[in-house]
Amino acid sequence: MDLRIFTEPQQGADYETLLTVAKATEDLAFDAFFRSDHYLVMGGGDGLPGPTDAWITLAGLARETSRIRLGTLMTAGTFRLPGVLAIQVAQVDQMSGGRVEFGLGAGWYEAEHTAYGIPFPKEKFGRLEEQLAVITGLWGTPAGGSFDFDGEFYQLKDSPALPKPAQPKVPVLIGGMGAKRTPELAARYADEFNVPFASAEDSGRQFGRVRAAAQAAGRDADDLVYSNALVACVGKDDAEVARRAAAIGREVADLKENGLAGTPAEVVEKIGQYAEQGATRFYFQILDLSDLDHLDLISSQVKPQVG
């Protein structure tokens, strides 16, 4: 069972804060450090000191960590052209010695596009399909060859398809709750399928759709990793859980129902419910990045029971 740390820096975190959390992630033997890809705070708060770019952040962390996997849940497809993104991710993979995992989504938060002058196209899913085809096609083109693509949204001709990632294949993550097109896309391109912020039962149903789509595509459904991303609020006792819930402006009852919250024993039990639905990897969404004791508790009291 892989346990990973997942951060939301748009809520207010600079690079030094993210570096501190990433180093703690590595020191505490978690599998990976992931971050969101957003440019605008959500909900309350001022978002100070302002957004950080996902791939610039991961490039820095690639040079300042040595073991943990690094990735995005999810890179917004609306933010970058696919050829440019393929170059960026390949370079960060090289910089990390082959530790990058690439989550890509269609993009959805219109307000952040408006705030920073980023086009927000109406047809996003079709663009996502072509982006995956372009990026994986560029990476998969043999050295010395060239890559062409003639799509509705993107056209490439005589691309040298460089640079190449350090890994022979960068793991691709696709996620979401779409009932048809999302599972079909995962069956074609994904190494991992992620369900964010859903119940165990809903996760199981979506995993089932992805497994069926993989089989229909002639692929072994067990080739994919099935994962969940859930908000974390773990405490050694009820008082500590309540304190951590208050720090992130959430109610304990809601967190226990919809996240990985409670004492270590409660969280282990909740993980078991998701594992019964097929999940083998968990992204603990950490919202208070100043609370490194939280990570320590998860590492020392939860991880040994599910590892």
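Let me start in helix α7, residues 200-216, where R205 and D202 sit 3 residues apart, so about one helical turn separates them. Keep in mind that this is a predicted model. The side chains of R205 and D202 meet in a salt bridge, with 2.4 Å from N to O. How accessible are these two residues? R205 has a relative accessibility of 49% and counts as partly exposed. That label holds because exposed would require over 50%. D202 is partly exposed as well, at 30%.

The next pair is R244 and D291, whose closest N and O atoms are 2.5 Å apart. This bridge links distant parts of the chain: R244 belongs to helix α8, residues 238-247, while D291 lies in the loop between β12 (281-286) and α11 (292-306), 47 residues apart. Are they buried or exposed? Both R244 and D291 are buried.

Then there is K256 with E266, a salt bridge in which the closest N and O atoms are 3.2 Å apart. Here K256 comes from helix α9, residues 252-258, and E266 from helix α10, residues 264-276; the two are 10 residues apart, and the pair again links distant parts of the chain. K256 is partly exposed, with a relative accessible area of 29%. For E266 the value is 30%, also partly exposed.

Last, the network. Which residues are joined by salt bridges that share partners? They are K236, E240, R243, R244 and D291, in one network.

Conventions
Residues numbered from 1 in each chain as written. Predicted model: local features only at pLDDT ≥ 70, side-chain atom pairs only at ≥ 80, totals over all residues. Heavy atoms only, no water. Salt bridge = Lys/Arg side-chain N within 4 Å of Asp/Glu carboxyl O. Helix = DSSP H or I, 4+ residues; strand = E, 2+ residues; numbered from the N terminus. Buried < 20%, exposed > 50% of the residue type's maximum accessible area, 1.4 Å probe, protein only.
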